[in-house]
Amino acid sequence: MVMFFRVMTGIVLLLITGVSASLADDEGLSVSLDANDSPPYWSQTMVKDGMCGEIVHAASEAAGLVSHIHYKPLTRMIEDDTNNDLGNPEFYMGNQDFAAVIPVCVYHVGLFYYQPNHKNKLTFNTVDDLKGYKVGILKGTLVDRSYFERAGVKFEESYSQASLFKKLQRGRIDLVIEIDLVGNKIIDRLFPDSHDDFVESIIPGSHMPIAMLISSGYPDAKQIGSLYRKGMKKIKASGLYLQILESYYGAGQVPDELMSDLERYEALYNYEQE
Amino acid sequence: MKQIISKAGIVTLSLLFMGSLLFATTASATGPRVTKALFAIDKDQVHALDFPPFLSTEVKGGGPFSEIVNSALEQAGIDAVITTHPVRRMVNYYLLQENALAAMGRHLNFSSEARKSLTFIPVAVMVERFYYYKPAYPNGLEWSGKLASLKGKTYGAHKGEDIAAFKSADIEVKQGRTIALLKMIAKGEADFAAIPALTTNWLLDKYMASEKGNFAAMQRPAGTDVMYVVFNRKHLQGVDDAAKFRKALTAMVNDGSYAAIMKKHIGNGEMLKLYMGDLKGELAK
């Protein structure tokens with residue numbers, strides 16, 4: 001009888017707190033987040049869900065939250081206008097309103113080339129510097145096609161990132177445009193003995209945000225957003241945030257501008273929210 | 001030897017394979033978005049609110065308003081690129097907090113203090129229609145031309161839109177972005193919203209295809225709306241560039257190149273008239 005009342009009390013409490021989507025467990029308020037598998041940023045096979053996964057879990061712990069990351073195809077995440085998303089906000093904000101957008105990291109875009117295929121060091125500052133080269137990109141990522149055509153840039157599109165870097169090494173293409181850490185991870189995997197033959201040149205000003213996006217219809221969305229912000233503040237102050245970044249970039253290898261870019265995105269996504 | 005897979009089976013498997021390739025592209029697209037803005041660190045920025053199909057990176061060539069503004073910028077000798085954003089507050093942030101050269105959009109609703117340092121230049125005059133949900137109004141929904149005829153209804157207003165006339169006509173107002181307004185109307189949370197026909201069609205096709213047939217427009221137009229490029233006088237080039245841009249745009253209207261771009265994107269039919277309002281008059285104000 002006592003057990004029956006305990007169970008019923010538990011059910012009533014769950015209903016009262018409106019936690020059908022955000023179940024409270026022993027450790028804290030539980031939040032469900034969707035990510036697209038994109039190592040090393042988000043990865044279902046890496047420890048603690050990859051670099052940004054580690055940041056999310058650390059910020060959650062610091063704020064008394066428990067985050068559960070579920071991996072889904074990008075298109076499903078974009079079409080679903082009720083879920084919480086992880087990733088570049090640009091992908092999701094077109095079709096969904098969010099109560100809170102909390103940047104967790106910034107990625108940069110790099111131009112990679114294979115040094116043995118070029119006599120001199122290559123430098124790139126403007127789109128004109130790409131003229132004369134065959135540039136490899138992932139299919140589906142080219143947005144302003146007509147602009148690049150007018151600028152005389154030739155692209156070769158591939159269905160996989162690995163195939164781009166294989167073509168680069170064989171000299172079938174001259175350059176690959178890829179996210180910095182993603183490109184380096186692919187090179188490590190495919191060409192572990194000749195990593196140093198690949199040169200990466202970060203495109204100036206190519207920073208893009210990676211964020212937690214809490215859906216406006218999610219229970220306690222604003223409170224959860226506020227807790228995540230507090231958690232991020234705590235792990236940055238304690239040094240844990242930089243420690244996580246360095247475990248992926250290497251000690252002293254975190255891009256200088258990453259922290260200032262992150263602060264800029266925090267200001268952008270919090271603007272007029274207060 | 002007996003054929004294990006029929007011809008139809010081979011065709012089906014081939015189609016599935018092709019489909020899997022297409023699916024894989026979109027499902028695991030983690031590459032960087034290769035945009036004009038990616039290579040624009042040395043250029044000034046015009047931050048714009050995404051407004052398909054008139055102004056959007058998802059439309060070929062960026063859409064007619066994007067092409068018109070880019071042409072005017074080029075002819076004025078202004079080295080700037082348009083960067084689109086999904087929400088208004090992002091546009092406002094870049095313009096007012098980071099002092100970008102310009103912003104572009106409608107319903108921008110700046111404070112009177114902010115307006116003191118902004119120069120508004122109209123770039124398009126559009127007719128909007130009131131859209132409603134047919135299942136909620138099986139006999140149709142119309143208005144007389146006076147908002148009082150919609151008293152008691154709920155209007156879905158764009159954030160930043162002037163809602164004083166609706167309030168004074170005892171019409172409840174809920175706010176959101178265009179796509180959110182269409183979803184509110186489908187859920188019965190709002191009764192109607194003023195949106196250009198081409199935008200309604202584009203958004204319904206992309207995000208609410210199964211609901212498209214349930215939306216209808218009232219016969220009488222809701223009114224006209226103006227799209228602006230807003231130059232920031234706090235930017236070093238803001239004052240000069242605004243003057244040069246206005247001159248270049250006026251020349252485009254006068255020599256017919258403005259109309260030619262609109263026709264290229266929209267066609268030469270009745271639809272074109274809806275988006276070719278009295279821009280000359282607006283520019284003269």
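A polar contact is a pair of N or O atoms within 3.5 Å; within protein, one must be able to donate a hydrogen and the other to accept it.

Figure 1. Eight residue pairs, both partners at pLDDT 80 or more, are in polar contact across the interface of chain A and chain B. On the side of chain A that touches chain B, at least two residues each come from α3 (74–79), α4 (89–92), β6 (109–114), β7 (134–138), α5 (145–150), β9 (175–179) and α10 (258–270). Helix α10(A) gives the largest share of that side, with five residues. By residue type, the side of chain A that touches chain B comprises 26 nonpolar, 14 polar and nine charged residues. The rule also finds three salt bridges across the interface of chain A and chain B. A salt bridge joins the side chains of A:Arg264 and B:Glu98, with an N to O distance of 2.6 Å.

**Figure 2. The extent of the interface between chain A and chain B.** The size of an interface is often given as the accessible area lost when the parts come together. Between chain A and chain B, the buried area is about 4,200 Å². Carbon and sulfur atoms give 61% of this area. In terms of contacts, 49 residues of chain A meet 39 residues of chain B. For the model, the scores are ipTM 0.81 and pTM 0.82.

Figure 3. Chain A contains 10 helices and 11 strands. Among contacts in chain A between residues at least 6 apart in sequence, 68% link residues at least 24 apart. A:Gln253 lies in the loop between α9 (240–249) and α10 of chain A. A:Gln253 counts as exposed because its relative accessible area is 53%, and the cut-off for exposed is over 50%. The C-alpha atoms of A:Gln253 and A:His207 are 16 Å apart in space, and these residues are separated by 46 residues in sequence.

**Figure 4. Helix α3 of chain B and the residue just after it.** Helix α3(B), residues 88–97, is mostly covered, with eight of its 10 residues buried. The buried residues are B:Arg88, B:Arg89, B:Met90, B:Val91, B:Asn92, B:Tyr93, B:Tyr94 and B:Leu95. Just after α3(B), B:Asn99 adopts a positive phi of about 50 degrees.

**Figure 5. B:Glu270 in helix α10 of chain B.** B:Glu270 belongs to helix α10 of chain B, which covers residues 270–274. The relative accessibility of B:Glu270 is 60%, so this residue counts as exposed. The side chains of B:Glu270 and B:Lys273 are joined by a polar contact of 3.0 Å.

**Figure 6. Confidence along chain B.** The mean pLDDT of chain B is 89, and 89% of its residues reach 70 or more. Residues 1–5 of chain B have pLDDT below 50, and this stretch has three contacts in the model beyond near neighbours in sequence. Over residues 8–29 of chain B, pLDDT stays under 50, and the model has 20 contacts for them beyond four places in sequence. Where pLDDT is low, the predicted coordinates should not be read in detail.

Key
Residues numbered from 1 in each chain as written. Chains lettered and ligands numbered in written order. Heavy atoms only, no water. Contact = heavy atoms within 4.5 Å. Buried area = accessible area lost by both parts, 1.4 Å probe. Salt bridge = Lys/Arg side-chain N within 4 Å of Asp/Glu carboxyl O. Helix = DSSP H or I, 4+ residues; strand = E, 2+ residues; numbered from the N terminus. Nonpolar A, V, L, I, M, F, W, Y, C, P; charged D, E, K, R; others polar. Buried < 20%, exposed > 50% of the residue type's maximum accessible area, 1.4 Å probe, protein only. pLDDT = per-residue confidence, 0-100.
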